Amino acid sequence: MSKFKRIKRIIDGKIIEIEIGHNTLQYVLTKRLTGMRFFGTKKHKLKIKNSIKRARIKNLKDKGFSDEEIEKFLDEINTFKWKIFSEGTFKRYLGVIKRFCKYLAAKFQSSHLTMFEAEKYIQEYIDVREARGLTADTLNTDLSALCKVFGRRTIEFRHPPRHGAHLKNDPTKYNTETGETTRDVGLTTGLRRRELAHLKVDDIKFIDSETVHIFSYGKGGKHNRTVLKGIVAVAKLKEYIREAEERESDFLLTKAEAHVPDALHYCRAMCAQNTYYAVLQDMENGPAKRAEYIQKIKDEFKRCERKLKEDLNKPYRLRGYNKKAAESINKPVVYDRVAAMYVSLFILHHFRTNTTILHYLVK
């Protein structure tokens with residue numbers, strides 16, 4: 001016998017029986033999501049190696065397990081899938097949960113639905129949000145959050161595909177006078193909004209007259225090292241450091257500058273593009289430079305204890321929707337993988353070219 005009671009509600013002229021619990025749905029889901037926090041840990045260290053994964057799949061098939069049972073088993077041992085590594089992701093997912101609970105509370109006049117009952121309405125909620133004209137990015141974030149907390153997979157639900165290369169709103173729409181310095185530092189360094197807000201003077205190390213390293217605590221708990229080249233970048237940062245020292249502040253930006261509504265992610269994309277084309281030009285001017293960049297990439301992977309799986313000699317070609325989107329805004333459809341990987345490692349810290357190209361270079 002179920003420990004939860006069932007009540008009846010009239011929805012759209014029909015009598016529907018729903019299951020309610022002792023605690024509110026929002027309390028239960030928030031508690032479950034909170035238990036998934038794993039800040040400060042690197043996600044890739046929790047992933048199962050492909051060789052081990054293949055061996056386990058073969059072993060399970062030999063024992064007669066079905067594909068569905070094997071998939072469920074792999075989900076259970078892939079512990080990183082049920083953890084949240086970024087504080088920003090946690091906050092976004094928490095917002096999704098609150099909106100989902102509010103939607104169900106309004107629909108059933110009860111905020112005490114059980115997880116079992118609420119799970120039935122995930123698809124309906126996504127459909128309602130899609131009908132409101134929300135973007136594919138927003139809908140995918142909503143679905144990812146709900147699947148995370150309910151232990152489901154996004155492929156189980158119908159949702160619009162999210163493409164990397166697509167047109168954005170005017171990035172200068174929210175530019176403010178207060179944010180002029182912030183935008184310039186973002187354009188120079190390629191740091192994220194949160195990283196810019198926490199950037200201290202001591203985090204910036206000048207290697208020589210044309211090289212500067214910036215150490216930051218990045219997304220997912222990663223300790224990043226941004227490598228900037230060029231006299232202009234060095235001069236700009238030295239000037240901003242001088243201004244920070246004059247106001248006797250440890251931080252490069254003021255609190256007002258750190259909280260502007262400006263499109264700082266666009267500045268990050270512009271920094272990525274500028275670096276990409278600078279590296280490309282450098283390799284074209286000196287053929288020996290290509291080998292140097294490849295070695296730097298390999299050294300960085302080794303330093304970060306990661307394995308380079310991409311063939312750097314193979315160009316990256318956009319296909320399908322992404323190719324059409326790039327052509328519509330007069331962007332290249334073929335990219336140099338060495339230059340893209342360099343940007344990914346030393347500016348964006350993604351460790352893969354697809355994200356770098358689709359979300360930063362094709363903008």
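At what angle do helix α1 and α4 pack, and how far apart are their axes? Helix α1 (residues 25-34) packs against α4 at an angle of about 160°, with the two axes 10 Å apart. Here axes are lines fitted to C-alpha atoms, for helices over the stretch in contact, and angles run from 0 to 180 degrees between N-to-C directions. Helices (H or I, at least four residues) and strands (E, at least two) are DSSP runs, numbered from the N terminus.

A word on the model: it is predicted, so local features need pLDDT of at least 70 and side-chain atom pairs count only at pLDDT 80 or more, while totals for chains, interfaces and linings use all residues. Residues are numbered from 1 along each chain as its sequence is written, and side-chain values use heavy atoms, with hydrogens and water left out.

| Pair | Angle | Axis distance |
|---|---|---|
| α1 and α4 | about 160° | 10 Å |
| α8 and α10 | about 140° | 10 Å |

Because of its angle, the α1 and α4 pair is roughly antiparallel, whereas α8 and α10 are oblique to each other. Angles under 35 degrees count as roughly parallel, over 145 as roughly antiparallel, 65 to 115 as roughly perpendicular and the rest as oblique.

The crossing of α1 and α4 is right-handed. A crossing is left-handed if the near helix is turned anticlockwise from the far one by less than a right angle, and right-handed if clockwise. On the α1 side, L25, Q26, L29, T30, L33 and T34 make the contact (heavy atoms within 4.5 Å). Their partners on α4 include F90, Y93, L94 and I97. The contact residues of this pair comprise 10 nonpolar, three polar and one charged. In this scheme Ala, Val, Leu, Ile, Met, Phe, Trp, Tyr, Cys and Pro count as nonpolar, Asp, Glu, Lys and Arg as charged, and the others, Gly among them, as polar.

Helix α8 (residues 180-189) and helix α10 (residues 231-246) cross in a left-handed way. T181, D184, V185, T188 and T189 of α8 meet A233, K236, L237 and Y240 of α10. That contact holds four nonpolar, three polar and two charged residues.

**Loop residues**

Two residues other than glycine have a positive phi. For Q109, in the loop between α4 (87-108) and α5 (115-118), phi is near 50°. For N330, in the loop between α14 (320-328) and β7 (334-335), phi is near 60°.
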